[in-house]
Amino acid sequence: MAGDSAIRAKMAELAEEIRDHQYRYYVLDKPVVTDSEFDLLWKDLVKLEEQNPKLRDPHSPTLEVGGGFATHFDSFDHVEKMMSLDNAFDESELDAWFERVAKESKENTWLCEVKVDGLAINLLYEQGRLVRALTRGNGVTGEDVTLNIKTIKEIPHQLKGERVAKTVEIRGEVFFPLNKFAQLNDELEESGKSIFANPRNAAAGSLRQKDPRVTASRPLSMVVHGIGALEGLTLQTQSAGYELMKGWGLPVSKRFKVAKSRAEVRQFIEHYQQNRHGIEHEIDGVVIKVNELEAQKALGSTSRAPKWAIAYKYPPEEVTTKLLDIKVSVGRTGRVTPFAFMEPVRVSGSTVTNATLHNMEEVVRKGILIGDVVVLRKAGDVIPEILGPVLESRDGSQRAFVMPGNCPECGSKLRAMSQGDVDIRCPNTRSCPAQLRERIYYIGSRGALDIDVLGYEATSALLEDKLIVDESDLFDLDSGKLLKSEFFKKKDGTLGANAEKLLEALNAAKRRPLWRILVALSIRHVGPTAAQGLANHFGSIPKIASASSDELAAVDGVGSVIAQSVNEFFAQDWRAQIVARWAKAGVRMEGITSSEKEQTLAGLTLVVTGSLDGFTRDSVTEAILERGGKVSSSVSRKTDYVVVGREPGSKASKAADLGVSTLDEKSFIELLNNGPRR
């Protein structure tokens, strides 16, 4: 039906937008919307799915936990699924949750604790020894950050005490102490590096360092607040688990209380709402859990969250300040974004001078004028947001913001790129200094080619000293060229360590997986999901470049809008020149399916769990795909083989339950070389 098609399209659009924001939040640690804006998108999708359950995508983000996007770290399964929490934003939503619990369990006590705004971590202990630390990931599989976690002094490598469980998963939050956050940003700024927007991003960025020594230099801390898998012990209550974890030497928060009534729960909520900035870490609310574990078991969970717990989110703080000016910035795709420049004001524990205004339509909608006294908040205590003007403070001196007609960096006439597009863009994609600078900086980001040394200051030096004209020159850099820049050489005129590291990093980046090369090209709308789909389907950049719109749109995760964008990209001669120059410099252009290797795995579906000695996470996937096989993240009756490495997750057990064949690394290599035995 036509109506169903429109609803399905709207649901797909919301899901795609939500996944993009999750990627920016969890992987890049650079969110572009406020928590409240994200919550509205989430609520809209949930509402549509509840009204139209038959149209819900089985892969909808509302059925997943957190932002399941991988970086360069190896991935492993959690022993027990790591859930998210549902939220309550006001008293009525909290009361509704209490009533739902009461229908299943009448006599309860409630464990209340502050909700730490950090990075969720799962610690696996076996026989009391810390064997692995994983990020939450998508709730089933997380990223291995064990070496970095072990640098945090509060986390014991060996549990103490007599009642130590045989196997136990400890859940908690890694956070960056507020009193050390400003100091870190000062040090980063002084060294020419990008600063962190907030302590949560600082915690995530510090923990996701390749070199554990960098993590060790950061004052990270952790608070534990739950138990996942538990073998060898039984518990009656959540609070008993907290006492047990404390006895093991784990950093349990002092800020929790067992409440005997709803009134006591509300007192706890109110107390920390009034004293939220007197804590060593940021909080964005309070978590309330049913304390009795039998009741928790009876209540159960949805696909993403337990029914026995809820997060009561505090409303963001609001302050007033003067709007001194509205300026614009130009991004890597030419998008021109207005932002507010304000008198410094302290809100939610930090001083704010800038806030994004997104686009001209947003400026008009909010009705703000330059010179206004404005109401400012940090939505979710993270991103500064102007709510609107204080009208009674106007004295007639205020003036309206006028979007510039020309690019502030290159002078090109600005325009909307398509009908109905609220964003104004600079069309001078090729040579606008701002776009060029942002594109090259993006190439070095973790979301693209992960070139550590290619930060903002290095990018600026390469361009200002004319070592490169555009990104096509990037992989032709050598020591002779870098010696022409003061940024890359020592006082004695010899090559600096940063130059040597950059050349090494550029050389390593040439062999990144094909999908990362696609992302690094800054094709509009092509993020990690679309790039992986294109790379896996076509197998090479030349094949992608020559594909028709219909062929591109047919790829899972692509669609007509992205297909058009890809066609437009490769139709431009200067873009094609970048690809040609990169190819000549040795950057990977051939992917997995274009390999000449024998298709020994044609028609087979494999799942990999645990660590393999001879393969990284990327290379084992590549080895399977280039031989014609398919890689799946979950085990089902359609799975042909499960490859089991060291310290496997629950997928190995599920394979045994379903009767799916398992392979050790030696047998896997034999399968790659010879195919299945007939």
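Predicted model: local features only at pLDDT ≥ 70, side-chain atom pairs only at ≥ 80, totals over all residues.
User: How are helix 12 and helix 13 oriented to each other?
Analyst: Two packed helices are described by the angle between their axes and the distance between the axes. The axes of helix 12 (residues 433-443) and helix 13 (residues 456-464) come within 9 Å and cross at roughly 130°. Angles over 145 degrees would count as roughly antiparallel, and 65 to 115 as roughly perpendicular. The two helices are therefore oblique.

User: Which residues of helix 13 meet helix 12?
Analyst: Helix 12 passes helix 13 in a right-handed crossing. From helix 12, the contact takes in Leu436, Arg437, Glu438, Ile440 and Tyr441. The residues of this contact divide into 5 nonpolar, 2 polar and 2 charged. On the helix 13 side they are Tyr456, Thr459, Ser460 and Leu463.

User: What separates the C-alpha atoms of Val453 and Glu504?
Analyst: Val453 lies in the loop between helix 12 and helix 13. Leaving aside residues up to four places away in sequence, Val453 touches Ala458, Asn498, Lys501 and Leu502. Glu504 is 51 residues from Val453 along the chain, and their C-alpha atoms are separated by 9.6 Å.

User: How far apart are the end C-alpha atoms of helix 2?
Analyst: Helix 2 (residues 35-51) has 17 residues, and at 1.5 Å a residue it should span 24 Å. The distance between its end C-alpha atoms agrees with this, at 24 Å.

User: Which residues of helix 2 are buried?
Analyst: Buried here means under 20% relative accessible area. In helix 2 the buried residues are Asp35, Phe38, Asp39, Leu41, Trp42, Leu45, Leu48 and Glu49.

Definitions and conventions
Residues numbered from 1 in each chain as written. Heavy atoms only, no water. Axes fitted to C-alpha atoms, helices over the stretch in contact; angles between N-to-C directions. Helix = DSSP H or I, 4+ residues; strand = E, 2+ residues; numbered from the N terminus. Parallel < 35°, antiparallel > 145°, perpendicular 65-115°, else oblique. Left-handed = near helix turned anticlockwise from the far one by under 90°. Contact = heavy atoms within 4.5 Å. Nonpolar A, V, L, I, M, F, W, Y, C, P; charged D, E, K, R; others polar. Expected span 1.5 Å × (residues − 1). Buried < 20%, exposed > 50% of the residue type's maximum accessible area, 1.4 Å probe, protein only.
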